[in-house]
Amino acid sequence: MARSNEVNLNECKMVVPLNTWVLISNFKLAYNLLRRPDGTFNRHLAEFLDRKVPANATPVDGVFSFDVLIDRGTSLLTRIYRPVTAEEPLPDVAELEKPVTAEVVPVIIFFHGGSFAHSSANSAIYDTLCRRLVGLCKAVVVSVNYRRAPENRYPCAYDDGWTALKWVNSRPWLQSRKDSKVHIYLAGDSSGGNIVHHVALRAIESGIDVLGNILLNPMFGGEERTESEHNLDGKYFVTLRDRDWYWRAYLPEGEDRDHHACNPFGPNGRSVEGIKFPKSLVVVAGLDLIQDWQLAYVEGLKKAGQEVKLLYMEQATIGFYLLPNNNHFHAVMDEISRFVGSDC
Amino acid sequence: MKRDNNHLQPNPDPSSSLGGGSSAGKAKLWVEEDCGMDELLAVLGYKVKTSDMAEVAQKLEQLEEVMCNVQDDGISHLASETVHFNPSDLSTWLQSMLSEFNPPSSFDPFGAAGTTAAALDDSFLCGPAESSTLSTLDFENNNRQHQKSGQQIFEEASCSDYDLKAIPGKAIYSPNTQPPTHDSSSSSTHNIVKPEKRLKSTSGSHSDIFPPPPPATAAYGIPSDSIRPVVLVDSQENGIRLVHALMACAEAVQQNNLNLAEALVKQIGFLAISQAGAMRKVATYFAEALARRIYRLYPQNPLDHSLSDVLHMHFYETCPYLKFAHFTANQAILEAFEGKKRVHVIDFSMNQGMQWPALMQALALRPGGPPAFRLTGIGPPSHDNSDHLQEVGWKLAQLAETIHVEFEYRGFVANSLADLDASMLDLRPTEVEAVAVNSVFELHKLLARPGAIDKVFSVVEQMRPEIVTIVEQEANHNGPVFLDRFTEALHYYSTLFDSLEGSASGQDKVMSEVYLGKQICNVVACEGVDRVERHESLTQWRNRFTSAGFSPVLLGSNAFKQASMLLALFAGGDGYGVEENNGCLMLGWHNRPLITTSAWKPANNTSPTSTITY
């Protein structure tokens, strides 16, 4: 057993910079401590270990942030990131929700990853990522602090995403001058990517326009064991066993991985054929063991006649977008910027 | 193994396991390192020196291997029993877990680490907070309490939420308290960790992570005094106009345009009436404070003591801030007093002594029996010439008697903590008596007079304390510019008032608001030596303590968890949260940190603790 582990560790150390390896291995270690075999989660230790940062109304590198409680009942917080403008290099702290001034301002609703159980909007890794997106896309980013599993199972995360979407859509201060509408994009990584899909579905049902979906290493799965799951199990930070654990923690008790939340185009899935689904940008890491499910998702969208662009990053592992020290990072960021900028 | 280098970025770390490859090209994409710390990881909250990266990677590998070789249950103790400290310091954190595996951790004669901790772990709370009267020492019912038998009090004590004895594991991290090596009965001798080695690595990284006078930066490289955390809890149109009016008025005051300021203050009054809830109250207090500043009607200073006591007590009952403060400080003190036969707490914030019953009970229930407990309570003089401090001491003495703790008390009246000298305190030799210094919401007042804080630091050092526990507001209310202070305070107190809204209504809440309103008045209307509510942020306090020659005593995951569970008991508890910050604990409302508990020790006082005496 130790022998094969040696091989694994050496392999994944070869494909990422050392500090990335340290970062992701650290998460892997910490997360191993938090998942209990009985399906419960050590939430206190999780919150203790998570590195968080406060919001900051003072601009740093041209971005400032503030938290907003958008639903008291569920204590739903969002963290809003805004760029400073040439006219106003220092934001008015008394009016953080000042109307946006540009003709077109993309508003990216971001759902952080963590396999539905980990992390928060104020986790340092996601605060950093959201700040990047602001500059990259000249956008306002709204990061949703959705309720997590196993304490809050399906559909809580989707409900919170939906609440956030409605809230964003109804903010006059987020409307682009051009058409007095809010130009909404949904983005997320891992479980956040999964949430993007499901919230987009709800948006269509309710007539709210979403201009685009960005799914970074989205979390999908199914009962069947795919080739990538066999080949990559345990090789690059992630095991099939932990994937199974997280689905058991999120899905309703008694449901299996062919539940439509997990497998949106599977046996219990909902077709998106003939509906006005947003265009999608799907990023798949070539060393992610669930890539077959992610690729199946892309196929599902294509078959339904939906616009989708796949970015397959061959040598990328999970979490490659957390540190700007690799080519995949820059390639993906460029694509995101084009994807969002294309309707200005 | 040949790899396609096109996809690899050369790493500036010379000890990287990657092949040499193209180190030229993309190097400029990386940010310059700071103090040798890996800048990219630092932004994400992890302090790892670039030169240590390979070693840290190795530790991760070692841990992975160990964890694979052991059954699932074998590592579960790492989550349930092990107490974790300062996860930002990856190297030390990993090392402490590795040490768990060689040898097994528990040569622990007093069972403080709790062999049955796994059971205690999640089912810690025995029930609802029925016994809070005991730990808050409800003075009005003092007679009734006195009638209870000692036995009953013990039973209640063991179910109290503030029962520190039942907390498994250690609260604070001290690299000096090593399990005494093996004179003994320890059967597991095959994997003995070398204590010197462990001491070396941890104390080494301590001074690296907390070097003497650092620049004023917050955790992740952002200058501390410019972090402004804001949470908007009331996103309504009216609220905005009110805030604008308040800001405009403050600006007019700043510019000494008093006519405009006066007009605006009146306007605020009208706007406030139409507002609901917390915002109305906050606006009213700020408006009043502004009016006082404009008309130079400074509040009578100081406050009548009995009223101030009453307000304090209501604040204690209504919301968790004081309870959190007392709870976390007590845990750290209890831990620091481990193994000591005689202990002395010097409390800079005596008030009604509400912090001490819980600690005393925990000491009483200590395996092996309680230490002799001496308390020196320091407080301002009372106006009615009543010996207020002595009365408090007397009540605590009665409690001590019923729980069989040897107790000595002295009350000390002082206008300012800076009036204290170590010689006044009847300090006894360190070998005989261990000292803890405690200050809850008092230290910032010293910043009103030049030199006062330095005097107090030096006096504290002379006390040679095992631990100094500090609780302070997490806010920047001491900047040089009035308008900035005003803005900060407006956001801070808005958040604080919002947190009160969900709690019990009526008398308690109103009193708590008045209590806070007095602070608002001081921050906004007063200046010079009268402005005592000079709150500063953790980063600023950290700088002050390290410059004064103190090193941090880390609070760990155990204290974090217990504090979190405590918060869950409060009505409207959902919004409260505890956050760990480099060994300190912060209590916040909807992710906005509001108060911080930190612990310190004089840096030269790092002699290993004496052998366990019982």
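**Labels and their cut-offs**

Author: Leaving aside residues up to four places away in sequence, Asp244(A) touches Arg225(A) and Arg257(A). Contact here means heavy atoms within 4.5 Å. This is a predicted model: local features need pLDDT of at least 70, side-chain atom pairs count only at pLDDT 80 or more, and totals for chains, interfaces and linings use all residues. Residues are numbered from 1 along each chain as its sequence is written, chains are lettered from A and ligands numbered from 1 in the order in which they are written, and side-chain values use heavy atoms, without hydrogens and water.

Reader: Why is Asp244(A) called buried?

Author: Its relative accessibility is 11%. Buried means under 20% relative accessible area, exposed over 50%, partly exposed in between (1.4 Å probe, protein chains only). So Asp244(A) counts as buried.

Reader: What makes Arg72(A) and Asp498(B) a salt bridge?

Author: Their closest N and O atoms are 2.5 Å apart. The rule asks for a side-chain nitrogen of Lys or Arg within 4 Å of a carboxyl oxygen of Asp or Glu. The pair therefore qualifies. Between chain B and chain A the count is 4 salt bridges.

Reader: Why are strand β1 of chain A and strand β2 of chain B called paired?

Author: 2 bridges join β1 (residues 63-71) of chain A to β2 (residues 231-232) of chain B, and the strands run parallel. Pairing requires at least two DSSP bridges, so these strands pair. Strands themselves are DSSP runs (E, at least two residues), numbered from the N terminus. Val68(A) has Leu232(B) as its bridge partner in β2(B).

Conventions:
Helix = DSSP H or I, 4+ residues; strand = E, 2+ residues; numbered from the N terminus.
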